[in-house]
Amino acid sequence: MKWTGEDVALYERERDYIDTALLPLLPVAFGQGAKRLASGGELVGLIAAEVERQLKGRLFLMPSFVYFADEPRALLTERLADWTNRLRREGMKHLFYVTCDRAWQEGEEADRVWFIPVVPLESMGESYKHELVREQTAELLRFLIGRWAQE
Amino acid sequence: MSDNKHRVTRRQFLNYTLTGVGGFMAAGMLMPMLRFAFDPILKDEAGTEMVAVADVKEITTEPKRFDFKVKVKDAWYESEEPKSAWVYKTDKGEIIALSPICKHLGCTVDWNTDKEHPNQFFCPCHYGRYEKDGTNVPGTPPQAPLDRYEYKVKDGKLYLGKAKPRKEA
């Protein structure tokens with residue numbers, strides 16, 4: 001499911017089946033490091049979209065959790081915890097995050113964070129980029145399906 | 001006098017230019033008419049919506065996944081939508097191209113990934129299953145067989161069109 005009118009209508013009809021939320025954590029910055037973060041965000045977006053396409057009937061791809069890279073970490077953690085609680089209250093039994101920001105690998109929910117390393121997408125050939133997205137998608141899919149079996 | 005031979009008179013000059021301009025105008029009017037008249041012949045015969053997906057040689061009796069892209073227009077945003085197909089040949093040599101979209105809630109099904117039920121299509125989301133020919137296994141969530149792509153073979157290539165729901169099996 002995506003955050004579109006059509007999908008949300010389907011979600012409301014079939015919400016018993018859709019018990020997993022995937023939330024991209026998207027840092028932004030201007031000036032130094034902007035290009036790197038943008039590249040990272042782009043790749044996360046591509047992979048998240050592909051995962052959504054393959055697991056459409058059980059996974060809800062949320063609009064990104066966007067923040068400035070230099071926001072105080074404590075506030076961010078608090079805000080994310082609030083989002084997490086809301087999603088859980090909505091019946092999302094499984095909640096996963098996908099990000100290019102390494103800092104999230106240290107928090108409480110670290111085992112629910114899927115980290116995707118930044119790659120300079122803009123200087124890559126189309127076919128190589130394709131291959132990269134396909135591989136990374138497959139890994140994330142395995143992770144999600146594995147966790148479904150465990151939880 | 002020899003100079004005069006090549007000199008163009010005013011009358012001649014006007015004649016030439018008017019014929020020329022008139023000719024262009026007439027052509028401008030006639031061309032669209034001719035195009036309308038012959039339009040069906042001029043159209044690209046390669047079937048506008050069929051997309052080349054694979055070489056026929058690559059197709060075996062074991063379902064294999066092929067990815068391709070289809071142009072879609074959503075509001076004013078034009079993009080290429082990624083699609084996949086599970087393609088195999090039956091023992092009789094007939095090609096079957098199945099849509100991987102699960103009929104339950106739209107996940108992508110995989111071939112032969114569920115160890116307890118080999119040689120079936122398996123949906124990882126809610127454990128829906130389909131036989132090799134796409135028929136849904138009763139007792140699993142899906143209520144209909146997998147869609148089949150319209151296909152044609154031309155010059156050794158497999159072209160796929162729209163995925164169509166199959167009549168009740």
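A residue is called buried if 20 or more other C-beta atoms lie within 10 Å of its own, exposed if 12 or fewer do, and partly exposed in between, with C-beta atoms placed from the backbone. I begin with that definition, as several residues in this talk are described by it.

The model is a predicted one, in which local features need pLDDT of at least 70 and side-chain atom pairs count only at pLDDT 80 or more, while totals for chains, interfaces and linings use all residues. Residues are numbered from 1 along each chain as its sequence is written, and chains are lettered from A and ligands numbered from 1 in the order in which they are written.

Let me take chain A to start. Its secondary structure comes to four helices and five strands; here helices (H or I, at least four residues) and strands (E, at least two) are DSSP runs, numbered from the N terminus. The order of elements in chain A, from the N terminus on, is α-β-α-β-β-α-β-β-α.

As to overall form, chain A has a radius of gyration of 15 Å, which agrees with the value near 15 Å for a compact globule of 151 residues. That radius is taken over C-alpha atoms, and the globule rule is 2.2 Å times the number of residues to the power 0.38. Along the principal axes, the C-alpha atoms of chain A fill a box of roughly 45 × 40 × 30 Å. Buried residues account for 26% of the 151 residues of this chain.

Contacts come next: two residues are in contact if their C-beta atoms, placed from the backbone, lie within 7 Å. Among the contacts in chain A between residues at least 6 apart in sequence, 71% join residues at least 24 apart.

Helix α4(A), residues 126-150, has 25 residues and reaches 36 Å from its first C-alpha to its last, close to the 36 Å expected at 1.5 Å a residue. The expected span is 1.5 Å times one less than the number of residues in the helix. Which residues of α4(A) are buried? They are Q136(A), L140(A) and L144(A). An α-helix has 3.6 residues a turn, so residues three or four places apart point the same way. The cover over the buried residues of α4(A) includes α2 (34-54), β4 (94-99) and β5 (113-115) of chain A.

Helix α3(A) covers residues 73-89. With 17 residues, α3(A) reaches 24 Å between its first and last C-alpha, close to the 24 Å expected at 1.5 Å a residue. N85(A) belongs to this helix. Why does N85(A) count as exposed? The reason is that N85(A) has 10 C-beta neighbours inside 10 Å. N85(A) is 55 residues from F30(A) in sequence, and their C-alpha atoms are 30 Å apart in space. Just after α3(A), G91(A) takes a positive phi of about 100°.

Now to chain B. It contains two helices and nine strands, and along the sequence they follow the pattern α-α-β-β-β-β-β-β-β-β-β. Of the 169 residues in chain B, 22% are buried. For contacts in chain B with a separation of 6 or more, residues 24 or more positions apart account for 41%.

The domain assignment of chain B gives domain 1 (2-42) and domain 2 (51-164); such bounds come from an automatic or database domain assignment. How far apart do the C-alpha centres of these two domains lie? The distance is 57 Å.

UniProt lists residues 12-34 of chain B as "transmembrane region". In the model, that span is 100% helix and 0% strand, with its end C-alpha atoms 32 Å apart. The annotation "domain: Rieske" covers residues 87-160 of chain B. This span is 0% helix and 32% strand, and its end C-alpha atoms lie 10 Å apart.

One loop of chain B deserves a remark on backbone angles. Most residues other than glycine have a negative phi, and most peptide bonds are trans. N112(B), in the loop between β5 (110-111) and β6 (121-122) of chain B, has a positive phi near 60°. N112(B) counts as partly exposed because it has 14 C-beta neighbours inside 10 Å. N119(B) is placed in the loop between β5 and β6 of chain B, and its phi is positive at about 55°. N119(B) has 11 C-beta neighbours inside 10 Å and therefore counts as exposed.

I close with the interface. Nine residues of chain A are in contact with nine residues of chain B. The side of chain A that touches chain B has three nonpolar, two polar and four charged residues. In this classification Ala, Val, Leu, Ile, Met, Phe, Trp, Tyr, Cys and Pro count as nonpolar, Asp, Glu, Lys and Arg as charged, and the others, Gly among them, as polar.

Definitions and conventions:
UniProt positions are given in the numbering used here, feature names are shortened, and annotations may be inferred rather than shown by experiment.
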